[in-house]
Amino acid sequence: MKIKGVEVFGDISNSLKQKILKAYNLNKDFFSKSINIEILFVKTDVEFRNELKRICGKAEREPWVVGHASGKKIVIFYPECFNKVSNHSEEEFDFVLAHEISHCFLSEYFRHKNLLFWFVEGLPNYIASNKLPKKKTGKSPKFSKIITPKDFKAAGNPYRQSGYFVAFLVEKYGKEKVLQLLIKLRDTTESFSDLFEQVYELNLKKAEQDFIKRHK
Ligand SMILES: [Zn+2]
């Protein structure tokens, strides 16, 4: 079934269709563009890992993972399966789907080797949360040190704090700066930190300090 730019595989109820549209539109509005993506719905861990192997070559799933994006393809559990296969509840489905769709939009920029991993996870979390959080963040990781997925894991998978940091940047400097940064990331090979400084006229460490101060 095709819903706008989304090719969907699975049995799709009307309410699920609405959820897909909402998650897609959230991203379309943020990025101000449309892309074609595929979403595969699964019910069991075995199905999930089979599809995962097909889209990205690895067949492992951490017990908390309920969705995964690779390029423009997503594999995700049906909402009603979330609490059977993980500690996530069905209510988290909309957030997870919007987060994975953001990864598909971001895949346009993944050619850049220096895309920092806190940004790779923080931007989808910000877009999926669909609001600017005002809450305290808890202890903030050193974002400038989170470069690879391994660094991200070592920092305790700080999805939430990364999302808050992106929210802080959008709130303070506007969405356009994020889009400018993405375009620069796509078109040049300079480091993320250098490009960040060019776009924000501020170095990443200073931005990080401002964020920590603001959210204490
Ligand atoms: Zn993610």
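Helices (H or I, at least four residues) and strands (E, at least two) are taken as DSSP runs and numbered from the N terminus. On this basis, the chain has ten helices and five strands. The model is predicted: local features need pLDDT of at least 70, side-chain atom pairs count only at pLDDT 80 or more, and totals for chains, interfaces and linings use all residues. Residues are numbered from 1 along each chain as its sequence is written.

The radius of gyration, taken over C-alpha atoms, is 17 Å, which agrees with the value near 17 Å for a compact globule of 216 residues; the globule rule is 2.2 Å times the number of residues to the power 0.38. Along the principal axes, the C-alpha atoms fill a box of roughly 50 × 30 × 30 Å.

The axes of helix H5 (residues 117-129) and helix H7 (residues 159-173) come within 7 Å and cross at roughly 75°. H5 is therefore roughly perpendicular to H7 (65 to 115 degrees). Axes are lines fitted to C-alpha atoms, for helices over the stretch in contact, with angles running from 0 to 180 degrees between N-to-C directions.

Valine 166 is located in helix H7. This residue is buried, with 24 other C-beta atoms within 10 Å; the cut-off for buried is 20 or more such atoms, with C-beta atoms placed from the backbone. Not counting residues up to four places away in sequence, valine 166 touches Gly122, Leu123 and Tyr126, where contact requires C-beta atoms, placed from the backbone, to lie within 7 Å. The C-alpha atoms of valine 166 and serine 129 are separated by 11 Å, at 37 residues apart along the chain.

Methods
Parallel < 35°, antiparallel > 145°, perpendicular 65-115°, else oblique. Buried ≥ 20, exposed ≤ 12 C-beta atoms within 10 Å, placed from the backbone. Contact = placed C-beta atoms within 7 Å.
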